[in-house]
Amino acid sequence: MTAPRAARFGVPLALAGLVVVAGVLIPGFMSRANLTTILLHVSINGIIALGCTFVIITAGIDLSVGSVVGLAGVLAAATLTSGEVLRLVGPGLAAVLAGLVGIGAGAAVGVLNGSVVARLGVAPFIVTLATMTAARGAARLVTGGVPIGFPDPGDPLYARKIAALDALHTVGGGRIPVIGLPSGFPVPALVMLALVAAGAFVLVRTRFGRHVYAVGGNEEASRLSGVAVGRIKLGTYAISGACAGLAAVLLVGQLRSGGPDAGMLYELNAIAAAVIGGTSLFGGVGTAWGALTGALLIGVLNNGLDLLGVQSFWQEIAKGVIILLAVLFDVWMKRADARRRARAVRI
Amino acid sequence: MATPSSPAPPLLALSAVTKRFPGVVALDAVDLTVLAGRVHALVGENGAGKSTLLKIVAGAERPDAGTVALDGTTVSFAAPREALSAGITVMYQELSLVPQLGADANIFLGMEPGRHGLLDRRRAAASAREALRALGAQFDPSTPAGELSVAEQQLVELARALARDARLIALDEPTAALSHVEASRLFEQIRGLCARGIAVVFVSHRLEEVRRIADEITVLRDGRRVFSGAAAEIDDAGLIRQMVGRDVEYARLGAARPVAGDPALEVRALGRRGRFSDVSLSVRRGEIVGLAGLVGAGRTDVARCIAGADPVHAGTMSLHGAPYRPATPREAIARGVVYLPEDRKTQGLVLGMSVRENVTLASLAAFSRRGVIRPRAEREAASRQTRAVELRPPEIEREAGTLSGGNQQKVVLAKWLLADADVLIFDEPTRGVDVAAKSELHQLIRGLADAGKAVLVISSELPEVLALADRIVVMREGTVAGELAAAGATAEGILALALPASHAA
């Protein structure tokens with residue numbers, strides 16, 4: 001079970017239509033530079049949405065990912081610019097370490113979410129609302145409320161810290177030279193595409209992925225079939241947290257700084273991308289490619305309206321309408337499904 | 001019909017009411033006449049059509065044919081609300097109170113007194129208090145309904161019915177969760193209702209209660225009315241005969257034979273708080289044991305405990321002689337013990353998944369390498385098993401939710417055969433399945449036993465138990481009431497064990 005037929009083709013078609021319309025109407029939209037910019041802008045949201053998709057397929061929800069971006073980001077930035085770390089290892093290794101710390105912190109919050117949801121049976125909405133609040137507080141506590149990044153010019157380790165920030169920037173803000181693209185292909189977009197492909201493989205081809213769909217499709221039937229429901233849920237929240245942590249690391253690399261308020265409201269964009277991409281909040285339905293398509297749709301819309309000079313307030317309204325349409329579509333598909341089943345029964 | 005001559009038309013008259021559900025005729029041209037101020041008992045086995053009849057009276061289902069007349073005038077209720085305002089209240093076993101609201105608020109729910117949408121709380125509370133006092137209630141009317149006992153909640157529902165000027169009150173197994181004293185009090189209330197000219201329809205399994213309270217009795221069997229008349233016209237033996245004597249008999253598959261050998265599954269003095277206690281039974285390899293009893297006797301609870309789905313509080317189990325106490329279905333499955341739930345749609349299948357994905361769900365590890373599924377191996381296994389259970393159509397990519405009940409059951413069975421189960425517990429394996437698919441499933445189950453599996457079959461259909469089982473264990477009110485060898489067993493014999501002889505809860 002992946003997604004209803006209409007969702008599988010409907011959203012990509014809508015995306016393609018939007019791109020064509022924007023290409024015709026908006027000068028400069030179809031330029032290579034603009035298209036790579038869209039990909040870059042989409043990549044953070046796309047990665048977070050991919051993680052959320054796992055959770056939402058199990059009929060759960062993860063509201064904590066935005067705050068995780070903040071917390072994982074400041075921890076990664078703190079590691080990257082820590083005197084202790086930089087005295088021991090070079091800037092390249094420090095960047096690797098910072099990446100692991102960021103992803104690890106995200107995964108840790110995810111494991112916490114998953115444990116409470118799976119073992120204590122608390123509603124995912126409440127659990128992740130709590131960790132969303134707490135993680136944001138922790139990020140501010142760690143930093144005292146100010147971003148961690150550029151060292152003071154008088155800092156004895158100034159050069160090393162700059163080198164470390166530059167090292168991570170090659171991932172978060174770097175570009176890979178590609179023939180035909182004057183400014184190259186953005187590394188975060190590459191990371192996103194690779195992750196989506198990996199996510200699709202996990203969901204479609206692995207036992208874990210099959211169990212994720214089964215738990216979302218019918219938790220009790222899955223439990224009675226011997227699926228370790230708790231472990232599967234825990235796994236999806238860990239994946240969601242780790243994806244948010246990775247997004248945070250890319251963001252720190254891109255900005256050369258980790259701020260405690262980074263990632264504010266990102267959870268809503270990610271959930272929106274997943275839902276627009278055909279993932280059902282009722283569970284059991286969704287794809288990794290859907291998360292990508294949803295994120296791209298939002299990205300193209302924002303970019304197109306930007307280029308048209310539409311006020312950002314209108315952009316928010318447009319995004320709201322699209323989310324609503326996607327959810328209505330989901331409800332409608334579910335009803336059509338039920339009708340189809342009622343008709344087809346007795347074969 | 002033994003209708004006493006009365007000048008006025010009966011309060012409620014159903015004539016030739018028919019209701020069909022996919023694959024089953026729930027009610028077949030049923031007549032029912034209920035008179036004001038009388039108690040009319042409705043009895044029958046599980047699945048005889050009592051609940052459907054109540055739903056039609058309540059306006060929750062519409063008959064496919066036949067008429068419902070109130071005071072001689074034909075009515076057609078489109079919704080329960082219309083039946084309510086016509087003075088008909090049905091009290092289901094699951095009471096329909098809002099647990100957080102007080103008893104008084106519940107009484108007026110949906111018809112709150114007041115003006116301009118503002119609640120007149122004082123007036124509501126006063127009227128509620130009065131209605132409850134009239135029924136002899138002892139508790140504070142503002143107590144949240146969830147904190148009241150079942151008997152007290154029933155009083156609240158009765159008070160609600162009275163506040164709505166009910167003329168007919170139907171009670172579905174109202175004494176199932178009551179103590180002896182509470183039941184007696186309820187009967188007094190019912191007498192009181194009759195004295196006010198209210199008609200009461202009383203559904204019960206307990207023949208002793210029916211004897212005590214009923215003026216008229218109607219017996220349903222397989223959706224047909226097989227008896228209707230004054231209570232004095234029929235004795236207990238006659239009632240039981242009317243309830244079980246059927247036209248449909250299943251062919252006995254293979255001789256019912258005592259199976260020798262050591263038990264595969266042995267359950268000793270098993271108990272689960274509030275559900276069942278002191279249940280002992282055993283199933284041998286190659287044997288089909290039938291678990292008979294009324295709905296609510298605890299059969300499903302026992303099955304779920306054996307399959308690790310619910311925790312056990314007392315007793316021991318052993319499997320092939322080794323101790324066995326699964327904490328999760330996963331552990332039970334690993335030991336080869338599986339449960340095929342009664343409700344396949346909510347517990348047996350992931351409806352949105354394909355047949356293939358459902359069939360391999362419990363044994364994916366066998367078709368994957370390092371967590372990655374091998375598609376061809378999976379497809380082959382799914383095809384093989386769906387062929388073995390003769391799924392029709394044999395399409396493994398078809399969505400499970402689009403299959404008929406019998407085929408859905410086959411998919412669940414295929415899943416467990418693939419998982420190498422050797423103790424299979426079927427809960428109502430043929431409920432909602434048409435007759436042809438039923439006998440096919442019976443053959444499949446018999447084939448499992450012949451292949452050396454140990455099989456426990458829960459069924460409320462006595463002919464099914466008689467046709468399948470080698471041995472029959474009968475449960476009554478949460479414990480084992482007796483055991484019968486299938487060879488000499490009769491439906492009457494099983495029912496005599498299954499029916500509570502007297503109210504002793």
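The crossing of helix 3 and helix 5 of chain A is right-handed, where right-handed means that the near helix is turned clockwise from the far one by less than a right angle. This is a predicted model, in which local features need pLDDT of at least 70, side-chain atom pairs count only at pLDDT 80 or more, and totals for chains, interfaces and linings use all residues. Residues are numbered from 1 along each chain as its sequence is written, while chains are lettered from A and ligands numbered from 1 in the order in which they are written.

Back to the pair. Helix 3 covers residues 65-80 of chain A and helix 5 covers residues 91-120 of chain A; they pack at about 150°, with axes 8 Å apart. Helices here are DSSP runs of H or I, at least four residues, numbered from the N terminus. Axes are lines fitted to C-alpha atoms over the stretch in contact, and angles run from 0 to 180 degrees between N-to-C directions. The two helices are therefore roughly antiparallel, a label for angles over 145 degrees.

Which residues meet? Among those in helix 3 of chain A are V68(A), L71(A) and A72(A), and helix 5 of chain A includes A94(A), A95(A) and L97(A) on its side. Contact means C-beta atoms, placed from the backbone, within 7 Å.

Now chain B. Helix 14 of chain B has 14 of its 14 residues buried, that is, with 20 or more other C-beta atoms within 10 Å of the residue's own, C-beta atoms being placed from the backbone. Just after helix 14 of chain B, D420(B) takes a positive phi of about 65°.

Last, the contact between chains: 26 residues come from chain A and 32 residues from chain B. Helix 9 of chain A gives the most to the chain A side, with six residues.

How values were computed: A residue is buried if 20 or more other C-beta atoms lie within 10 Å of its own, exposed if 12 or fewer, and partly exposed in between; C-beta atoms are placed from the backbone. Two residues are in contact if their C-beta atoms, placed from the backbone, lie within 7 Å. Angles under 35 degrees count as roughly parallel, over 145 as roughly antiparallel, 65 to 115 as roughly perpendicular and the rest as oblique.
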